[in-house]
Amino acid sequence: MASIRLSNLTKRFGPFTAVAALDLLIPDKEFVALLGPSGCGKTTTMNMIAGIESVTDGQILFDDRDVKNLPSGKRDVGFVFQNYAIFTHMTVYENIAFGLRVRNVARSEIDRRVRTMAALMRLEDRLEWPSGKLSVNELQKVAIGRSAITEPAIFLLDEPLSNLDAAFRAFMRTELKHLQHQFQQTMVYVTHDQIEAMSLADRIAVMNLGVLQQYGTPAEIYNRPRNIFVANFMGSPSMNLLPCRLVSEGSALRFSFGEAGLLDVAGDSALARRARSAPSADVIFGVRPEDVEITQAGGANALKGVVFFVEPVGARTVVHLKVNGKVFKVTKEKRFKIAIGTAVGLIPPVGKCHLFDAASGDAIGAG
Amino acid sequence: MTGRPIFFVIRYGLILLALVIVLIPILWMGTMAFKPFPEWTTATGDLTWLPKEPTWGNFEYIFTGQTEDLLVTLDRTAERPILASLVTAVLGTAIAVIVGTLGAYAVSRFKVGNNLPLSVLQLRLFPPLAVMIPVMIMWASLGMVDTWWGLALIYGIVTLPFAFWLMKTFFDEVPIEIEEAALVEGCSRIRIFLKVTLPMVKAALASTCLFVFILNWSDYLIALLLTRKDWVTIPVYMNSLASAMGGQMYGCKAALGLIAAIPPVVFGIAIQKYLVRGLTFGALKQ
């Protein structure tokens, strides 16, 4: 088993920087998700850990061993590809046995381990099948089985569930978690799906444009986003972000949203204390859709909004409003009813608000 | 729209027409091969589809040099040209496919040879004759004219571009992740090529072999320029099946043509499974 330490890891393709000076410590036996939109450098990072991609600059340490110049086959990693990369000219058995055969493991030992793995993956009755005939779901299981059979210290998964149908994806999420508990491996998981990352990972590294945005537990990432990108990327629907101006009103602090109204908060509140450390009076005010209260229009300390769309999504109802001409979303319980066109007041609870500097996008005073 | 009867008629009418255009000459050759001399010359002015008196005479003539119908005897029989064609076409195909496959793999996978793919085509940018005359001079000075290795080598060279380009296209379609997966498992490069990639493109490889083989097998120009006597191939030999007295010996040519059709047809049937299946690498859902 092994920890992974990336330090100053950089990858450039010609003039394009895919990964910029990435520092990341993935502790032994942890499940870490690399999360970000496509093109953010997460797969490139993964490929460098696996040794498929060369490193432009920086270090990759497994425990304290620099593996940068070690060929991929000697790194003791398992890799599951998004498109499965199954050897279609081989049977399921041959696919799963592949890594052991390359390592010249004895035939009887191979047979025993392949059958154990097949039982674990529920592929026993598929062993003699040509792998080209399997369903997508089964292919994914073969791919995981093939990588897991050599019991690598580090298990790398590149969007392994993104091609599966929704029901099977949920099933595989639990299976993967089980697998990790069973083998006690260090797992790195690349995904652009925040729900996958939130539900599976011990820690999430959010990346964008080759730069690490935030690294922390799912709760930290969700509750204390370090910048606008993370705030916007995590959560569905994502955080409401409104530009506003800070004005001092005696002992109180006023958030001015132009035509949408004002919010006054007590000067000694935590929010006000944070706001005072803002580098400029122009800030971005953020609040999660589930935290906002909807009240009658015209109330004090409420933002003016007009309902323009109501979206029932099963367990919840998402109310879409226009605030200052911008879309603002509030999630309510599923029985919530409101007419389109209704003018309402929106109350963001002071304790659950986020502030970001308008210029840099960084969170203000976030702990 | 395609359900309307008129489209059905037009569609199958066109298919039938295409078949007729392709098959009638072959059928004509097939029947002609079994016609005795009076039936395949225009001298009697009476041409029929099927031989009135089927005979093996044409085959007998090209293999033994004589037959009762014909007064002229043949100074060279067909065994030697058939052997020459087989040896040179098979070897030439082997050279082109082996070199082409290895080259294509290198270019497809290792980002080497930036201009190689196009420069390989250079040979094909000139009219064949413009290339073949210098080649003839080179081969003559190297003592390779009218040798099996000389002819096989030039066959390998001129069909290399086809083998290279076909295989490159196929290798490009094998997802790189397949090889990376093997690499992560600790497979060596050569083992990946032999055990993973090559088996995945075996259908393509078979099709390439057939394609290149047919090119080599049916070559006339190169064999005409680079052989004299010992290693004359079937197409060149066929041209010699004429006499001052009897003119073009169509019956004998048809018989030889029928024999010449056997190897590609047998080869084609043997790999039909791959040809039909084509290039379904499967299992990849992008």
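This passage describes a predicted model of a complex, from its confidence to its chains, their interface and selected residues. Residues are numbered from 1 along each chain as its sequence is written, while chains are lettered from A and ligands numbered from 1 in the order in which they are written. Because the model is predicted, local features need a pLDDT of at least 70 and side-chain atom pairs count only at pLDDT 80 or more, whereas totals for chains, interfaces and linings use all residues.

The predictor assigns the complex an ipTM of 0.78 and a pTM of 0.78. The pLDDT is the predictor's confidence in each residue, from 0 to 100. For chain B its mean is 86, with 92% of the residues reaching 70 or more. Within chain B, confidence is highest in helix α4 (residues 79–110), at a mean of 94, and lowest in helix α14 (residues 272–277), at 72. Helices (H or I, at least four residues) and strands (E, at least two) are DSSP runs, numbered from the N terminus. Over residues 279–286 of chain B the pLDDT is below 50, and this stretch has 22 contacts in the model beyond near neighbours in sequence. Two residues are in contact if their C-beta atoms, placed from the backbone, lie within 7 Å. Where pLDDT is low, the predicted coordinates should not be read in detail.

Chain A contains nine helices and 20 strands. Its C-alpha trace spans about 80 × 45 × 35 Å along the principal axes. Of the 367 residues of chain A, 41% count as buried. A residue is buried if 20 or more other C-beta atoms lie within 10 Å of its own, exposed if 12 or fewer, and partly exposed in between, with C-beta atoms placed from the backbone. Among the contacts in chain A with a separation of 6 or more, 65% are between residues 24 or more positions apart.

Strand β7 (residues 154–158) of chain A is mostly covered, as five of its five residues are buried. A:Ile154, A:Leu156 and A:Asp158 lie on one side of β7(A), and A:Phe155 and A:Leu157 on the other. Two strands pair if DSSP finds at least two bridges between them. The parallel strands β6(A) and β7(A) are joined by four bridges, and A:Phe79 stands opposite A:Leu156. Five bridges join β7(A) to strand β8 (residues 186–191) of chain A, again in parallel; A:Phe155 has A:Met187 in β8(A) as its bridge partner.

A:Leu156 and A:Tyr189 have the most contacts inside the largest nonpolar core, which has 168 residues. A nonpolar core is a set of buried Ala, Val, Leu, Ile, Met, Phe, Trp, Tyr and Cys residues joined through C-beta atoms within 7 Å. Helix α7 (residues 148–173) of chain B gives the most to this core, with twelve residues. In soluble globular proteins, nonpolar side chains tend to be buried together.

At the interface, 24 residues of chain A are in contact with 19 residues of chain B. Helices α8 (176–184) and α9 (189–200) of chain B each supply at least two residues of this side of chain B, and the largest share, six residues, comes from α8(B). By class, the side of chain B that touches chain A has twelve nonpolar, three polar and four charged residues. Here Ala, Val, Leu, Ile, Met, Phe, Trp, Tyr, Cys and Pro count as nonpolar, Asp, Glu, Lys and Arg as charged, and the others, Gly among them, as polar. Eight of the nine residues of α8(B) are buried, including B:Ile178, B:Leu183 and B:Val184. The buried residues of this helix pack against α1 (42–50) and β6 (77–80) of chain A together with α9 of chain B. Just after α8(B), B:Gly186 takes a positive phi of about 95 degrees.

Chain B is divided into domain 1 (1–75 + 248–267) and domain 2 (79–240), with bounds from an automatic or database domain assignment. Their centres, taken over C-alpha atoms, are separated by 31 Å. Eight residues of domain 1 are in contact with eight residues of domain 2; helix α13 (residues 250–270) of chain B supplies seven residues, the largest share of the domain 1 side.

B:Tyr220 is located in the loop between α10 (202–217) and α11 (221–226) of chain B. B:Tyr220 is partly exposed because 13 other C-beta atoms lie within 10 Å. Beyond its neighbours within four places in sequence, B:Tyr220 is in contact with B:Pro235 and B:Val236.
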